[in-house]
Amino acid sequence: MSKRTSVAATGSASSSSGNDATISKPPTLKDNKQDLLLSSDVGHFSLVRALHLADLITELNGLCGILSVFSSLRYCIATGPLASALNTEAHSTLYWALGFLPLGLFFDFFDGKVARWRKKSSMMGQELDSLADLISFGVAPASAAFAMGLRTPVDHLLLGFFVLCGLTRLARFNVTATAIPKDATGKAKYFEGTPIPTTLALDAVMAYWISKGWIHEALPLGTLFTGTILEFHPVAVVFALHGCLMCSKTIHIPKP
């Protein structure tokens, strides 16, 4: 999750610091350009014109997540009943599904740097950042895990819980961003709960399993309650535990 906060949020944090000598300048027309374009009833491509450079980089993060999900779907087709010539590239497709995610992390870090460099941040940028993170570090890893063999009904619930924890964690960040202590540059001093990009650790583990051929029936630890409606893979519990860590309020991870 990049350190992008809206101009309004930054101003609110400054005004609540108790420094009465600092008076915020009223927003200029240039500052309000994005708001005007977004609220305008007329104008062609007003949404596109309202995007800042950092917002476009955030979109690339989301694109990486989408391409990862598509790669997982392609793998499922390649190994399913409709499989044909795609079988020869099945494993490479899984690697692509996981490989897009570190690239998404690069864009996630880069958009925040560009926003601070250009001194242009907005509430829309913050929301875009969270939505892109949900795709790249929530939905995409869960899709890859499903493709690798976590396909029982209980597995689905555990993976769904993992994604929902990421969703809730990002929503909490957007709501509490102004309440977290800031440093001199305006950046929050710590993450509340583990940041959602830490799911890349799960991606690295899955990549290792693929390299060893530990997928589908060969997944580590096998299944419990095999043959019943409660059948599930114990490794799916790791995703649920990671989701709990993301939602924790007591875990504070210092920001680099």
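Visitor: Does Cys247 count as buried, partly exposed or exposed?

Guide: Some ground rules come before the case. This is a predicted model, in which local features need pLDDT of at least 70, side-chain atom pairs count only at pLDDT 80 or more, and totals for chains, interfaces and linings use all residues. Residues are numbered from 1 along each chain as its sequence is written, and side-chain values use heavy atoms, with hydrogens and water left out. Buried means under 20% relative accessible area, exposed over 50%, and partly exposed in between, with a 1.4 Å probe and protein chains only. Cys247 has 28% relative accessibility and so counts as partly exposed. Cys64, at 4%, counts as buried.

Visitor: Where is Ile210 placed, and in which helix?

Guide: Helices are DSSP runs of H or I, at least four residues, and strands are runs of E, at least two, numbered from the N terminus. Ile210 sits in helix 8, which spans residues 200-212. At 3% relative accessibility, Ile210 is buried.

Visitor: Which residues is Ile210 in contact with, leaving aside neighbours within four places in sequence?

Guide: Contact means heavy atoms within 4.5 Å. For Ile210 the partners are His91, Leu94, Tyr95, Leu98, Met148 and Ile215. Met148 is 62 residues from Ile210 in sequence, yet their C-alpha atoms are 8.2 Å apart.
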